Amino acid sequence: MKRPHTLPFSIESRGRLHEFVRPAVAGILNVTPDSFYDGGRYRTADAIVQRAHEIVAQGADMIDIGAASSRPGAVLPPPEEEAARLAEAVRLVRAALPEALISVDTCYALPARKAVEAGADMVNDIGGGDTDKEMFATVAELQVPYILMHGGKEHLTGVKRMADSDPVDEVVKFFSSRLDTLYRLGVKDVWLDPGFGFAKDTEQNFALLDRLDELTELFREPLYIGLSRKRMIYTTLGTTADEALGGTVALDTLALDRGAAALRVHDVKPAVETVNLLYRR
């Protein structure tokens, strides 16, 4: 297997340096009532803390907390409501796991700010800086690492497929323009998420996955990949999200082989085992 040139890599946040010698695994903790797979499971304080402990115990490198569903057809809550929900979840997890690396999944600057003030280390922006024009400046001011995702704004406004063009070319153009802005503002650590399932149909998603190595060759930033139990898997297999674990592991393996530096997953243990097998030396 060809190891990505981004390994090893590191990020600095809140005065701590986090180093990665193999691809990172981010365990998903959704504190939403309506996420497509695990909505409503983790809404009480006890359930949130228990899930955070489970993610760490199963070997994840980080916990990705979300308080607003991005499933197709979802309506985003007002930023103030999302900020309160997200910050409270971060406070609970930070108190229970002081050393954990915590990212927060949001497309608005206010929840991002409140979450970092509550103890989050990193901002995972599914809007790619387009949903909230204050996001880039906010992340630069907070001086925390940032995950830049493609396709979020279009997806959240109902676009199901990008224009009939080369999906890799579209993603490359998007990353190139946004990275220039981020670095000029002073953001230091950026990861790139191609946005599987966001404003892309199944054909475009697989075309992007097939050519993922082109992105790893073009960009020095680590690639952050979220394929876990997504529609492209279960519609292709003719199953459901509940039955998509095997397909997730298969596609995560392909992504790692093509240069992924981080995986965002619902099922931590299989993802950690996959990384351990591929990076056993």
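Helices (H or I, at least four residues) and strands (E, at least two) are taken as DSSP runs and are numbered from the N terminus. By this definition the protein chain holds eleven helices and ten strands. The model is a predicted one, in which local features need pLDDT of at least 70 and side-chain atom pairs count only at pLDDT 80 or more, while totals for chains, interfaces and linings use all residues. Residues are numbered from 1 along each chain as its sequence is written, and side-chain values use heavy atoms, with hydrogens and water left out.

Of the 281 residues in the protein chain, 56% are buried (under 20% relative accessible area, with exposed meaning over 50% and partly exposed in between, for a 1.4 Å probe and protein chains only). Contacts are defined by heavy atoms within 4.5 Å. Among the contacts in the protein chain with a separation of 6 or more, 69% are between residues 24 or more positions apart.

An open sheet is formed by eight strands in the order E8-E7-E6-E5-E4-E3-E10-E9, with parallel pairing; two strands pair if DSSP finds at least two bridges between them. Strand E8 (190-193) and strand E9 (224-225) are the edge strands, each pairing on one side only. Strands of a sheet pair through backbone hydrogen bonds, either parallel or antiparallel. Strand E6 (residues 122-125) and strand E7 (residues 146-149) run parallel and are joined by three bridges, and Asp125 stands opposite Leu148 in E7. Helix H2 (residues 79-96) packs on the sheet, where it touches strand E3 (24-30), strand E4 (62-66) and strand E5 (102-106), and its direction makes about 165 degrees with that of E5. Helix H4 (residues 135-142) also packs on the sheet, touching E5, E6 and E7, and its direction makes about 160 degrees with that of E7. For these angles, axes are lines fitted to C-alpha atoms, for helices over the stretch in contact, and angles run from 0 to 180 degrees between N-to-C directions. Within E7, Tyr146 and Leu148 point one way and Ile147 and Met149 the other way, and all are buried.

Helix H3 (residues 109-118) has as its buried residues Ala109, Pro111, Ala112, Ala115, Val116 and Ala118. These buried residues of H3 pack against H2, E5, E6 and H4. Gly119, with a positive phi near 130 degrees, follows H3.

In helix H7 (residues 202-210), the buried residues include Gln204, Asn205, Leu208 and Leu209. The buried residues of H7 fall within an arc of 135 degrees when seen down its axis, so they line one face of the helix; the arc is that of the directions from the helix axis to the C-beta atoms. An α-helix has 3.6 residues a turn, so residues three or four places apart point the same way. The cover over the buried residues of H7 includes helix H6 (167-185), helix H8 (212-218), helix H9 (231-237) and helix H10 (245-257). The N-terminal end of H7 is capped by Asp201, which has a side-chain oxygen 3.2 Å from the backbone nitrogen of Glu203.

Seven aromatic pairs are present in the structure. Rings of Phe, Tyr and Trp (its six-membered ring) pair if their centres lie within 6.5 Å, and planes under 30 degrees apart count as stacked, over 60 as edge-to-face and the rest as tilted. Phe9 and Phe20 form a stacked pair, at 4.8 Å centre to centre and with 20 degrees between the planes. Phe9 lies in strand E1 (residues 9-13) and Phe20 in strand E2 (residues 16-20), so this pair ties together parts that are eleven residues apart in sequence. Phe9 and Phe20 are both buried. The ring centres of Phe20 and Trp191 are 6.0 Å apart and the planes are at 75 degrees, so the pair is edge-to-face. Since Phe20 lies in strand E2 and Trp191 in strand E8, the pair ties together parts that are 171 residues apart in sequence. One aromatic cluster is formed by Phe9, Phe20, Trp191 and Tyr224.

Tyr224 is located in strand E9 and counts as buried, at 0% relative accessibility. Leaving aside neighbours within four places in sequence, the contacts of Tyr224 include Asp64, Trp191 and Arg264. Tyr224 and Leu263, 39 residues apart in sequence, lie 5.9 Å apart in space, C-alpha to C-alpha.

Asp64, in strand E4, is buried, with a relative accessible area of 0%. The side chains of Asp64 and Arg264 are joined by a polar contact of 2.7 Å (a pair of N or O atoms within 3.5 Å; within protein, one must be able to donate a hydrogen and the other to accept it, and residues adjacent in sequence count only if both atoms are side-chain atoms). Not counting residues up to four places away in sequence, Asp64 touches residues including Ala26, Ser103, Asn124 and Tyr224.
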